[in-house]
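I opened this entry to go through the two chains one by one and then look at how they meet. My notes follow in the order in which I looked things up.

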Amino acid sequence: MNIHIPTPLRSFTGGAGTVAVVGDTVAEVFTNLTSEYPELKQQLFNAEGKLRSFVNIYLNDEDLRYLPSKEATTVASSDELTIIPSIAGGAGCSCCPLLP
Amino acid sequence: MVNNTDLMLHIPYSDYQAVRAHGEETYPHECCGVLLGKSDADGNHVQQVVRAGNTRSDSAHNRYNIAPQELVKIQRQARQAGLDIVGFYHSHPDHPAQWSPTDFAEAHWIGCSYVITAVAKGKAADTNSFLLSGTSEEDKNFVDQAVSIDVASTTPKGQA
């Protein structure tokens, strides 16, 4: 199946924006992905081996976190996985004065 | 070796104005969106600006968040157009165009440009860009990024 790699992680996949990885479940696909591209492992997972909190994984258009079987979800070769780090932020505090 | 200070943000004037206008439209709330284009040794080149919704309706005056589902769609749109996500933008209503601790904590796209427009009392003021530099979450940092506004360029219009 194809895995779409976000721009910041492409330096760990030899510049590829999409890589093809085999596997019967999402977990298997990720094991094979990080086996083929070892440097991706620490980018995607924390020291405990859990997916970093800001990394979103989509199976086609479904958020992996909300799939009943999560990582154990079975996949077909025609499915697509997208790795998408979160985008958020903001001015935050209200302690600064208004702009002139 | 490429020095980070050489990595500019190149943006057509129309897109630059669209980013600023978006901040004025959503004032007093923060706007947000995605910059599509290409990256090279010269920096990030914007070719299209895509507006995104701010899901932080609970605190939209000082927070923004783009729904991952919307990002997936934007990334797909970029791929089909032969473009990459090269940056993001948002506004700081009545707040300086400088990255905040929140911006830094929530920034994860290393190599991408984070553009911030200060909107003072409804009018766009300064617009600055910050390059998220580093190799991982552990050593990331924001670097002031020069912005080159291309007044001659007439790229196809984005959604902004």
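**Chain B, layout.** I began with the order of elements in chain B, which from the N terminus reads β-α-β-β-β-α-β-α-β-β-β-β. That gives chain B three helices and nine strands. I note here that this is a predicted model. For chain B the mean pLDDT is 93, and 92% of the residues reach at least 70.

**Chain B, overall form.** I looked up the radius of gyration and found 15 Å for chain B, which agrees with the value near 15 Å for a compact globule of 160 residues. Along the principal axes, its C-alpha atoms fill a box of roughly 40 × 40 × 30 Å. I then checked burial: 51% of the 160 residues of chain B are buried. Of the contacts in chain B with a separation of 6 or more, 67% are between residues 24 or more positions apart.

Strand 6 of chain B pairs antiparallel with strand 7 (residues 123-133) of chain B through seven bridges. Strands 6 and 7 of chain B make a hairpin with two residues between them. In that turn, Lys121(B) has a positive phi of about 50°. Strand 7 of chain B also runs antiparallel to strand 8 (residues 141-145) of chain B, with five bridges joining them. Here Ser133(B) has Asn141(B) as its bridge partner in strand 8.

**Largest nonpolar core.** Which residues touch the most other members of the largest nonpolar core? I found Ile83(A), Val34(B), Leu35(B), Phe88(B) and Tyr114(B), in a core of 57 residues. Strand 6 (residues 113-120) of chain B gives the largest share of this core, five residues. I took Leu35(B) as an example and left out residues up to four places away in sequence. The residues that Leu35(B) touches include Val46(B), Val49(B), Val86(B), Phe88(B) and Val115(B). Gly87(B), Tyr89(B) and Ser113(B) are also among them. In general, nonpolar side chains of soluble globular proteins tend to be buried together.

**Chain A, layout and form.** I moved on to chain A, which has two helices and six strands. Their order from the N terminus is β-β-α-α-β-β-β-β. Chain A is more spread out than a compact globule, because its radius of gyration is 16 Å, well over the 13 Å that the globule rule gives for 100 residues. Its C-alpha atoms fill a box of roughly 60 × 35 × 25 Å along the principal axes. Buried residues come to 29% of the 100 residues of chain A. Residues 24 or more positions apart make up 54% of the chain A contacts with a separation of 6 or more.

**Chain A, sheet.** I traced an open sheet of five strands in chain A, in the order 2-1-5-3-4 and with mixed pairing. Strand 2 and strand 4 (62-63) of chain A are the edge strands, each pairing on one side only. Strand 1 (residues 2-4) of chain A pairs parallel with strand 5 of chain A over three bridges. Ile3(A) stands opposite Leu81(A) of strand 5.

**Gly23(A).** Where does Gly23(A) sit? I placed Gly23(A) in the loop between strand 2 (18-20) and helix 1 (26-36) of chain A. Beyond its neighbours within four places in sequence, Gly23(A) is in contact with Glu28(A), Val29(A), Asn32(A) and Val75(A). I also noted 17 Å between the C-alpha atoms of Gly23(A) and Pro38(A), which are 15 residues apart along the chain.

**Where the chains meet.** How many residues does each chain bring to the contact? I read 26 residues from chain A and 36 residues from chain B. On the chain A side, helix 2 (40-44), strand 3 (55-59), strand 5 (80-85) and strand 6 (87-89) each supply at least two residues. That side divides into twelve nonpolar, twelve polar and two charged residues. Strand 6 of chain A pairs antiparallel with strand 4 (residues 64-66) of chain B over three bridges. In this pairing I found Gly89(A) opposite Tyr64(B). For the complex, the predictor gives an ipTM of 0.89 and a pTM of 0.92.

Definitions and conventions
Residues are numbered from 1 along each chain as its sequence is written. Chains are lettered from A and ligands numbered from 1 in the order in which they are written. This is a predicted model: local features need pLDDT of at least 70, side-chain atom pairs count only at pLDDT 80 or more; totals for chains, interfaces and linings use all residues. A nonpolar core is a set of buried Ala, Val, Leu, Ile, Met, Phe, Trp, Tyr and Cys residues joined through C-beta atoms within 7 Å. A residue is buried if 20 or more other C-beta atoms lie within 10 Å of its own, exposed if 12 or fewer, and partly exposed in between; C-beta atoms are placed from the backbone. Helices (H or I, at least four residues) and strands (E, at least two) are DSSP runs, numbered from the N terminus. Two residues are in contact if their C-beta atoms, placed from the backbone, lie within 7 Å. The radius of gyration is taken over C-alpha atoms; the globule rule is 2.2 Å times the number of residues to the power 0.38. Ala, Val, Leu, Ile, Met, Phe, Trp, Tyr, Cys and Pro count as nonpolar, Asp, Glu, Lys and Arg as charged, and the others, Gly among them, as polar. Two strands pair if DSSP finds at least two bridges between them. pLDDT is the predictor's confidence in each residue, from 0 to 100.
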